[in-house]
Amino acid sequence: MKLTRRQSLATLAAAAALPARASRLTAAPAIRLVVLDVGGTIIEDRGDVPALLRSALAHHGIEVTPAAIGQWRGASKREVVRRFVEQKAPPDADRDQLTAAIYREFSSQLNEVYRTVPPIAGAEDAFRKLAQSGYLLATTTGFDRDITTRIFRRLGWEHYFVASITSDDVVLGRPSPFMLFHAMEFARVNSVAEVVAVGDTPLDLRAGSNAAMRGVVGVLSGVGTAEQLRREPHTHILPSVAALPALLGQRRPLSAP
């Protein structure tokens, strides 16, 4: 079909306007909130959690392989216990009571172990740099409130974070996105396009992806291997949280969602 001169000019004008319009639509807002996992991301993971889970479960007659527990690294520890109780407890067992007893034993042993677990090298320096650059910081974790509070008090880290969300605060832990949304609520950040989620396990990355976060950053300081993390939706894989300030300090660290 042949266009008139007026139609041609109108078409050209519309085409010329497209880049500017597209630019306005895809311009990303500034990142405001960085949400960090705890174990393996900002404190070291020495393999204590799965070993203690297996021990507590076995003490109550529930045998679980390391591989089975490994699939749930990063999840709510209480939910992990309940999952295996539901699968393996005898039919006549009181599952609620058994879950509570196993989790109580696990928590007691874990609190003792985590009196000495050190932070990831460079983590606290990263907190300072991010805060100085104007970012809000929060944490999410599969640990419960008691364990998390003890860790942060020992390290003197409470003042770095506007929110510290634990598995006690939500109905479902990872890979559900609820802890991330709860952190946004406490930080008063409205848009997922302003949030970066950071973690060391596949479940951490799945939760960030399920929340549609602007950034989903894996770190290799914990249990997740590069191969495992790269199989999950992500924006970046870093050696550790120590590299995060440099990433976010780039002119365009993350593209628009």
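1. A quick definition before anything else: buried is under 20% relative accessible area, exposed is over 50%, and partly exposed lies in between (1.4 Å probe, protein chains only). By that scale Phe181, at 35% relative accessibility, counts as partly exposed.

2. Keep in mind that this is a predicted model, where local features need pLDDT of at least 70, side-chain atom pairs count only at pLDDT 80 or more, and totals for chains, interfaces and linings use all residues. Residues are numbered from 1 along each chain as its sequence is written, and side-chain values use heavy atoms, with hydrogens and water left out.

3. Phe181 sits in helix H8 (helices, H or I, are DSSP runs of at least four residues and strands, E, of at least two, numbered from the N terminus). Together with Val171, Leu172 and Phe178, Phe181 makes a nonpolar surface patch of about 390 Å².

4. Now the backbone. Most residues other than glycine have a negative phi, and most peptide bonds are trans. Have a look, then, at Arg174 and Pro175, which are joined by a cis peptide bond with omega about 10°. Pro175 lies in the loop between strand E3 (163–165) and helix H8 (178–187).

5. Arg188, not a glycine, has a positive phi of about 60°. You'll find Arg188 in the loop between H8 and strand E4 (195–199), and this residue is exposed, with a relative accessible area of 67%.

6. Ala212 also deserves a check: its phi is positive, near 60°. Its place is the loop between helix H9 (202–210) and strand E5 (215–219), and at 45% relative accessibility Ala212 is partly exposed.

Conventions: Patches are made of residues with over 30% relative accessible area and no salt bridge: like charges are joined within 9 Å, nonpolar side chains (Val, Leu, Ile, Met, Phe, Trp, Tyr) within 5 Å. Accessible areas come from the Shrake-Rupley method with a 1.4 Å probe; for residues, only the protein chains shown count as cover. A salt bridge is a side-chain nitrogen of Lys or Arg within 4 Å of a carboxyl oxygen of Asp or Glu.
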